[in-house]
Amino acid sequence: MQNTGALLGDGRPAGVGDGADDPAEGADDPAEGADSPAEGADSPAPPRYWPVLLLGAAVVPGTLLFLLGRWGDAPAVQAWRTVCLAVTVQALPFLLLGTALSGAINAFVPEGVFSRILPRRPALAVPVAGVAGVVLPGCECASVPVAGSLIGRGVTPAAAFAFLLSAPAINPVVLTATAIAFPGNPAMVLARLLASLATAVVMGWLWLRFGRAEWLRPVVRHTGHQHGHSRWDDFRRGFQHDFLHAGGFLVLGAVAAATFNVAVPRSVLDTFAAASWLSVLFLAALAVLLAVCSEADAFLAASLTGFPPVARLAFMVVGPMVDLKLIALQAGTFGRAFAVRFSAATVVVAVTCSVLIGGVLL
């Protein structure tokens with residue numbers, strides 16, 4: 001006999017109707033409860049030590065600024081800051097000129113122009129490129145990006161490097177500044193022209209003979225007019241890339257030059273002035289470290305009256321070809337392996353040419 005007590009009046013088993021809805025309704029509760037952690041995750045609790053962090057953020061920057069301000073008032077720091085800024089500002093217009101010219105060559109000059117202008121034989125192309133340096137009225141900061149652009153346009157590296165060395169040393173602006181700095185001494189102007197040009201040509205020939213392709217690693221960049229782009233767009237991209245890339249290395253060179261200016265006492269200069277050979281080597285090294293722009297180095301050389309004329313000539317020949325900012329620019333443009341070898345060899349050749357030509361003319 002069926003247990004009628006197990007049936008409800010509507011024929012459903014006990015616990016199936018009303019009782020079965022309760023778990024379903026109860027299952028909604030965890031889902032609703034699960035929303036609470038999600039809502040809590042949107043507003044995490046503050047860090048445990050937030051008062052200390054807040055106090056540090058308020059006090060530490062002000063303290064550092066105060067200490068740097070007190071330290072920056074020291075005469076040595078002010079001199080360092082002045083020299084660093086002067087080197088950068090002095091070279092910046094010529095860097096702009098060089099990168100603009102490099103971008104113009106890259107965008108507007110046809111591919112085969114330089115191959116038609118320069119002799120086909122690289123040994124003859126080197127002196128022609130060295131003489132062509134007279135057309136670029138800029139300092140060494142301008143010549144580096146231009147030389148990189150020339151190599152990208154198919155010019156043999158030896159000829160491009162001869163142009164790189166001669167352009168900042170024999171252009172009309174530099175020679176005129178030299179004549180003004182040494183009034184009544186045209187032999188100094190002629191000696192600088194001949195020694196600088198000889199150094200550039202000899203270094204081009206040395207690279208042609210001993211240079212290796214693996215030492216030269218140009219920065220990867222677009223070369224020439226890109227199809228589908230405006231030539232002005234190509235110019236803008238090339239100019240922007242070269243300027244931003246070279247500008248950083250210019251600042252590094254300026255910082256190094258300013259540090260030397262402040263760290264080396266004036267008495268050291270007087271110690272080397274008496275010995276002739278030591279004075280030549282010392283002023284050559286000084287030209288590398290001071291990183292004075294080629295348009296202004298003649299006036300500094302003229303002020304070094306305690307040194308013999310040959311030593312001052314070496315200062316003016318070495319400076320536009322090898323200095324700290326130029327080494328940094330060369331390393332950033334052509335690679336560190338190139339910059340180290342090329343700069344060291346250039347110093348040796350420049351000093352030798354200065355001594356030989358200066359010994360005859362001065």
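Modeller: Before we start, buried means under 20% relative accessible area, exposed over 50%, and partly exposed in between, with a 1.4 Å probe and protein chains only. This is a predicted model, in which local features need pLDDT of at least 70, side-chain atom pairs count only at pLDDT 80 or more, and totals for chains, interfaces and linings use all residues. Residues are numbered from 1 along each chain as its sequence is written, and side-chain values use heavy atoms, with hydrogens and water left out.

Colleague: Which residues in helix H5 are buried?

Modeller: In H5, residues 122–132, they are Ala-125, Val-126, Ala-129 and Gly-130. Helices are DSSP runs (H or I, at least four residues), numbered from the N terminus.

Colleague: How wide an arc do they cover around the axis?

Modeller: They cover only 135°, which puts them on the same side of H5. The arc is that of the directions from the helix axis to the C-beta atoms.

Colleague: And what covers them?

Modeller: The cover includes helix H7 (157–170) and helix H9 (186–210).

Colleague: New topic: is Gln-330 buried or exposed?

Modeller: Gln-330, in helix H15 (residues 324–334), is buried, at 1% relative accessible area.

Colleague: What is Gln-330 in contact with, leaving aside neighbours within four places in sequence?

Modeller: Its contacts (heavy atoms within 4.5 Å) include Val-144, Leu-164, Phe-338 and Phe-342.

Colleague: Back to H9: where is Leu-194 found, and how large is its relative accessible area?

Modeller: Leu-194 is found in H9 and is partly exposed, with a relative accessible area of 36%.

Conventions:
Helices (H or I, at least four residues) and strands (E, at least two) are DSSP runs, numbered from the N terminus.
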